[in-house]
Amino acid sequence: MDASITRIIPLMVLAALAAGCGPGRVVGPVADAAAAATLRTALLSSEAGKAATESAPVGTGWATLKGRFLFAGTPVERTVLVVDKDMEFCSPHGMKLYDQSLRIDPSTKGLADVVLFLRKSTRVKEASPPSEPLVFDQKNCEFITPVFASRVGQPVDVRNSDMTGHNTNIATTPFNQSIPAQGSAIYKPASETGMPISVTCNIHPWMKAYAVFRKDGYVAVSSVDGSFELPDLPAGEPLEFQVWHPRAAAGLKLDRPDLKWNPKGRFQITLEPDVLKDIGTLEVPAAALSGS
Amino acid sequence: MMQARSLLSVVPVVAMVLAMAGCGPTPPASFRLNMVEAVSPTAEKDSVASDQELTPEQQKQVATILLAMFGTPDEPVCLPEAGLDPAKLRLAAGPVRSDIVGRKNGLFREHCVHCHGITGDGLGPTAAFLNPYPRDYRPGIFKFKSTERADKPTHPDLVRVLNNGIPGTSMPSFALLSPIEVVALVEYVKYLSIRGETELALMRQFFELDEEDKGRLSETREFLIAEVLEPIAAKWTTAADAVIEVPAMPANLDLAASIEKGRELFYGDKANCVKCHGVTSLGDGQANDYDDWSKNIVKIDTKLDGIATGDADAKERQWAAEFRQVLAGDALKPRTIPPRNLRQGIYRGGRRPVDLYYRIHAGINGAPMPAAKGTVAPEDIWHIINYVRSLPYGLDGELGADRSVAVRPASAPGLASREEK
């Protein structure tokens, strides 16, 4: 009896030792102490590199960019969303709600909801944002515009055309407001988003849309037929556009070497003044839209 | 036989000595890199993708910049632009010790670290056992405060949380500490939060780089101080300007009528409290939502599940498996956030009427609770407060009377047996 216990003890000791240090957390790289000390000295000296580098304007005149996104694949049927609350308003007469993250025009295969925005420029045509509000509405517990773009400073009129209350929660912004039935609230975005951010209703968790706010207002969302048009772009300077889609949230990657399309979903183009530049059809393969 | 027994009695001691030696000498305390963010440096976690992960060199650059700007847990650094008081930080930072005049130093490690973690990531050794989890300061989101939704708490807001604790949670009161000690801890929480937000900002900047940047962030004052640190620090210094103006409760109020008006608003379409707090106000309405901290983990988890079950290639699956390992060490199991049970009379953000006003007016940052400002008039907010404050009391005026009994089916198990007793 005792002998068998003594035989087990080494095993127990080993087990205790192995458990003692706990499962390791994945440890990231360690800071470079010498480089950090040098950098700290530089950051503490108030002189170094203080001059603001306001980039000088490049080029003159303005131009328009247009094009069209087409889905190059077999459209799959949209998923029916699970609607389990406020059925009389959200599912009147058994109406179904569909996943809005991939909207393809059945006749033309136009791809809606592709966002394009200019990363930076040295000039902006319209100095101030429009004062008239952009309407962002919801009806039958669904956001009417699944992707919307607005300029920083332009008021967004968040409406509720339903007979039931919603709350509209714009991620990473201060806005999460209860919107009464048939009511509305104004949100004035104060800062720029990077990639579009999600808009949700916590009361009806299936509701989802995306918003993008840009300081210069150079942002377009492709319409139901997949087309987009961006007017008043600065001509004569190299422009870089970021392209995004709800299913390509890390950037829409296309194989278009002619536009220097890169793996971050950006392309480059320089426009000539007073020209309406049509970059034609941009075919989006199904594989490029495999993300969430 | 005797020999075997005496050997047995020695074994546990030997094992303990070995176990203690096994983990080696304790290295000096260090901040942990935000590894979840290093793998998925995006604001929207459902856009997580393998090609966004920061390379080891990029992670090292972030660690180095943070060391330069904020120092270590034993020797915090604060650049003047951070707007923090170094003397207060020294009192709170470092190992627990007494200085030459016998004043206690290392307060954060004495009082806070076992829940909030050395990095302020809410991942201290006790964290996993608590419900709700301790706050992760790094995103810079705080719930219980007197300011508008997205604004930082004021200094008195944080002092109040430390003095009162947070009822209904594991956060105790630190009212027994001296005011100087409380203030030092508040300063240290701000320091960890500013450091954490700076880390997030740095990691998210990599995606914004141009090709000529060659995958490295700029280390100029202009970028690190003016573009990254100052906007984060400014939100703390301007918090006092963002305090919500609370109009006085209407004078000569008929309390019974006000409670009745509040009840109508509670159930009505305008304030819509009922949708989440439930028809019984037990917090049983919308109960399957997450707070912002957990929601990010849920989104990542869904994404990784999709990779595991979808037709992703071997490389992508390997990445997902490695990310799961990071999550296992750096994230707590997400929990849904139940809307508050308003029948208990426990208010986490404080029980003063003005605290309830702040909560209803601005909503709760980081939580699904939306703001009522703009759509519900101030006097209506007061009616809702009066109604909510009447909820914990039964019709006979006794605290704790559970009116939900009335809406449970008579045949509910448990109810009958309770009555029989």
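Predicted model: local features only at pLDDT ≥ 70, side-chain atom pairs only at ≥ 80, totals over all residues.
**Reading a helix pair and a chain interface**

Colleague: How are H3(B) and H8(B) oriented to each other, roughly parallel or roughly antiparallel?

Modeller: Look at the angle between the N-to-C directions. Angles over 145 degrees count as roughly antiparallel. The angle here is about 150 degrees, so H3(B) and H8(B) are roughly antiparallel to each other.

Colleague: Is the crossing of H3(B) and H8(B) left-handed or right-handed?

Modeller: Right-handed, as H3(B) passes H8(B).

Colleague: Which residues in H3(B) and H8(B) meet?

Modeller: From H3(B) come B:Val62, B:Ile65, B:Leu66, B:Met69 and B:Phe70. They meet B:Tyr191, B:Ile194, B:Arg195, B:Thr198, B:Glu199, B:Leu202 and B:Met203 in H8(B). Of the residues in this contact, nine are nonpolar, one is polar and two are charged.

Colleague: Now the chains. What is the area buried between chain B and chain A?

Modeller: The general idea comes first. Interface size is often given as the accessible area lost when the parts come together. For chain B and chain A, the buried area is about 5,300 Å². Carbon and sulfur atoms give 57% of that area. In residues, 73 of chain B are in contact with 70 of chain A.

Colleague: How many salt bridges does the rule find across the interface of chain B and chain A?

Modeller: The test is a side-chain nitrogen of Lys or Arg within 4 Å of a carboxyl oxygen of Asp or Glu. Across this interface, the rule finds five salt bridges. A search of the whole structure, over all chains, finds 34.

Colleague: Which residue forms a salt bridge with A:Asp86?

Modeller: B:Lys275 does, with the closest N and O atoms 3.2 Å apart. This pair crosses between chains. B:Lys275 sits in helix H11 (residues 274-277) of chain B, while A:Asp86 is in the loop between strand E1 (62-72) and helix H3 (87-90) of chain A. In another salt bridge, the side chains of B:Asp210 and A:Arg119 meet at 2.6 Å, N to O.

Colleague: Backbone next. Where is the cis peptide bond with omega about 0 degrees?

Modeller: Between B:Asn131 and B:Pro132. B:Pro132 is in the loop between helix H6 (113-116) and helix H7 (155-164) of chain B.

Colleague: What is phi of A:Lys260, positive or negative?

Modeller: Positive, near 50 degrees, in a residue other than glycine. A:Lys260 lies in the loop between strand E15 (238-244) and strand E16 (266-270) of chain A.

Conventions. Residues numbered from 1 in each chain as written. Chains lettered and ligands numbered in written order. Heavy atoms only, no water. Axes fitted to C-alpha atoms, helices over the stretch in contact; angles between N-to-C directions. Helix = DSSP H or I, 4+ residues; strand = E, 2+ residues; numbered from the N terminus. Parallel < 35°, antiparallel > 145°, perpendicular 65-115°, else oblique. Left-handed = near helix turned anticlockwise from the far one by under 90°. Contact = heavy atoms within 4.5 Å. Nonpolar A, V, L, I, M, F, W, Y, C, P; charged D, E, K, R; others polar. Buried area = accessible area lost by both parts, 1.4 Å probe.
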